[in-house]
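Hi everyone, thanks for coming.

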Amino acid sequence: MTQSIDRPAQGFRAALRRIRALIRKETWQLLRDPSSIAIGIVMPVALLILFGYGINLDVKNVPVAIVMEENSAEARSVAAAFELSSYFSPKPVKTMAEAEKMLLSSEARAILRIPSDFARKVAQGNGEVQVVVNGSDANTARISLSYAEAAVGVWAAKEASRKRTVGSGSVTIESRLWFNEANDSSYFLVPGLVVLVMTLIGALLTALVMAREWERGTFEALFVTPVRSTEILLGKTVPYFLLGLAGLALCVVGSRLLFGVPLRGSLLILTVVSMLYLLVALGLGLAISSITKSQFIASQVTVLVTFLPAMMLSGFMFDPRSMPVAVQIITYIFPGRYFVTLLQTLFLAGNIWSVILPNAAVLAGMATALLALAVRMTRKRIA
């Protein structure tokens, strides 16, 4: 009776020893592989610097040609509103023809034209300026136009206040940006880097390493030992799971020290949801490598299935709500969309449970399904 009770315990201890041995072996192999270290450690730092400093969605120092067809005080004050703004780099010209040439040659991205009757019309209460924007870059054109309208609006408000031409019933607009008071695009770009880092380490690196094991026949050598498929997968993936957490730590520390991005939510919750996404990525990498058994094919499929959707369809760079309805529906298939929502909420808004719980639950379900699929595929290969 005692032997029957001790037998499961002995089997459990033996399984732990096998898993520990596999983890130790895989860790040493990981540390000796320069490409794995590059993807796991160097790549997060490189992406952080590249996206944080190199990619900026804010539009500043827009070259604008200023055409003043009269030299009145009102015209000079409008031009000064653009000259004093950090969003514009004014270039005074004498005629509209010169300004149009500058726009065609891309020396200027916009034109501010102050007509010859500007002062007279301002006195009549219907002053008007013309803003022409180069629309070849639609995003920059739209933002530049809104900046120009804002500059003219600020000038008009100051003129009205100075001359007291507006009655006591005037309305003053006080604007405020929630969650991103600095209006800095790095506030949402840098947290989104965690998605790319986790995808690289969890899916791409795991798929490549596991496919390499299939190509070299290492698994066939393990299959003749008492090691079970679940133990093999645990031994192979635990080191990469820890490497992914190291990448997360690098991104969080770098976002705070280099870019001052706030972390308004709980660091513990951020770690937990990142672990869930990392399990999803590991499950995808394991499943892809088990199906393809080729490093080249595994890398191509992993990039198409995980990395590109994480960058293009997750909300990391583009808002899915601006996409066609059919594409919006497709984005819900990819785990990156849920993880980006969680990251932006935790970094910029805080512990908003109505956002955290449903998105974390979806990631947990995906992780369970994908890891179960990976185990099943490995068992099929063993059989």
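I'll start with confidence, then turn to the helix pair and the record.

This is a predicted model, with local features needing pLDDT of at least 70 and side-chain atom pairs counting only at pLDDT 80 or more, while totals for chains, interfaces and linings use all residues. Residues are numbered from 1 along each chain as its sequence is written, and side-chain values use heavy atoms, leaving out hydrogens and water.

The average pLDDT (the predictor's confidence in each residue, from 0 to 100) is 80, and 86% of the residues score at least 70. Please be careful with residues 164–175, where pLDDT is below 50.

Helices here are DSSP runs of H or I with at least four residues, numbered from the N terminus. How far apart are the axes of helix 7 and helix 10? They are 8 Å apart, at an angle of about 30°, with axes fitted to C-alpha atoms over the stretch in contact and angles running from 0 to 180 degrees between N-to-C directions. The two helices are therefore roughly parallel, a label for angles under 35 degrees.

Where they meet (contact means heavy atoms within 4.5 Å), helix 7 brings residues including Gly202, Ala203 and Trp214, and helix 10 brings, among them, Tyr277, Ala281 and Gly285.

Finally, an unreviewed UniProt entry places "transmembrane region" at spans including 186–211 and 355–375; such annotations may be inferred rather than shown by experiment. In the model, residues 186–211 are 100% helix, with end C-alpha atoms 36 Å apart.

Conventions:
Angles under 35 degrees count as roughly parallel, over 145 as roughly antiparallel, 65 to 115 as roughly perpendicular and the rest as oblique.
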